[in-house]
Amino acid sequence: MIRRAIASKSYGLQRALAETSLGFFTPFVEIGIIPTKSFLRFKIEDMKIGTKSVLFGAHCFILHPFFVFAGWWKLYGFPYDPRLWVAFIVHDLGYWGKPNMDGPEGELHPYFGARVMSVLFDSHRKDKWHDFTLYHSRFLAKKNGAQYSKLCVADKLAIALTPAWLYLPMVRATGEIKEYMKDAERNSGGVIQVQKSQLKGYLAVQNYVLKWVDEHKEIKEDTWTPNARESIDENGVWK
Ligand SMILES: [Fe+2]
Ligand SMILES: [Fe+2]
């Protein structure tokens, strides 16, 4: 009884505080400085999948660079060069505004980060940081007849290092999971079987990328990656 009374009192207090705060914020909501819930819902639904991925999905601009950093550290030692840190942050920002992840538009996402890195760190007639960032995509490297970079390997390891309990809610929230599940088999050249369970599907992907990383960390020729993606508006966990 007493416990219930305390609980109800504390609930009342919380409610009063919430109402006071809401009351305080109402004028800001009315003049549009603070967006309403329905406005936010509309904005999120209206966003392109690539934008959602950068904001709160598989390529979340806060979390993903951290896992790439961890992947690099594990593979190549601590990344002392701060330019690497910038690459970890910018390499996937090009997904912003893209209507698909690995379709014709999404596939070109590395170009934005590559340009940023080039402007910041490349001297004239050298494309070192540009290519380093551009070819974090093994598919793009294959398509352009170029060598994938170490960033690609660290980026793949980042997938294996991201725990399922963190990754799955994010890709479910953005809707990326549907595309990733659908195209995992094709993007792995048939190694990954289509799974009904999202968790099993993700674990299969992690297993595959770990093997890919192990085989390619010394930047050997990539014979695993299919030459071209065939359909449009497609996806894969790895790029
Ligand atoms: Fe990428
Ligand atoms: Fe990435």
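Start with helix α9, which is mostly covered: ten of its twelve residues are buried. Keep in mind as you look around that this is a predicted model. To find α9, select residues 150–161. From its first C-alpha to its last, the helix reaches 16 Å, close to the 16 Å expected at 1.5 Å a residue.

Now colour the buried residues of α9: L151, C152, V153, A154, D155, K156, L157, A158, I159 and A160. What covers them? Show α4 (63–76), α5 (82–90), α7 (128–134), α8 and α12 (198–216), which are included in that cover.

Next, stay with one of those covering helices, α8, and select residues 138–143. A141 sits in this helix. Is A141 buried or exposed? It has 20 C-beta neighbours inside 10 Å, so A141 counts as buried. Leaving aside neighbours within four places in sequence, A141 is in contact with Y135, A146, Q147 and Y148. Then pick T225 as well: A141 and T225 are 84 residues apart in sequence, yet 9.9 Å apart in space, C-alpha to C-alpha.

For the last stop, select α3 (residues 49–56) and α10 (residues 164–174). Their axes are 9 Å apart, and the two helices pack at an angle of about 150°. Angles over 145 degrees count as roughly antiparallel, so that is how α3 and α10 lie to each other. The crossing of α3 past α10 is right-handed. Show side chains here: I49, K52, S53 and F56 in α3 meet M170, A173 and T174 in α10. By class, this contact has four nonpolar, two polar and one charged residues.

Note on methods:
Residues are numbered from 1 along each chain as its sequence is written. Chains are lettered from A and ligands numbered from 1 in the order in which they are written. This is a predicted model: local features need pLDDT of at least 70, side-chain atom pairs count only at pLDDT 80 or more; totals for chains, interfaces and linings use all residues. Axes are lines fitted to C-alpha atoms, for helices over the stretch in contact, and angles run from 0 to 180 degrees between N-to-C directions. Helices (H or I, at least four residues) and strands (E, at least two) are DSSP runs, numbered from the N terminus. Angles under 35 degrees count as roughly parallel, over 145 as roughly antiparallel, 65 to 115 as roughly perpendicular and the rest as oblique. A crossing is left-handed if the near helix is turned anticlockwise from the far one by less than a right angle, and right-handed if clockwise. Two residues are in contact if their C-beta atoms, placed from the backbone, lie within 7 Å. Ala, Val, Leu, Ile, Met, Phe, Trp, Tyr, Cys and Pro count as nonpolar, Asp, Glu, Lys and Arg as charged, and the others, Gly among them, as polar. The expected span of a helix is 1.5 Å times one less than its number of residues.
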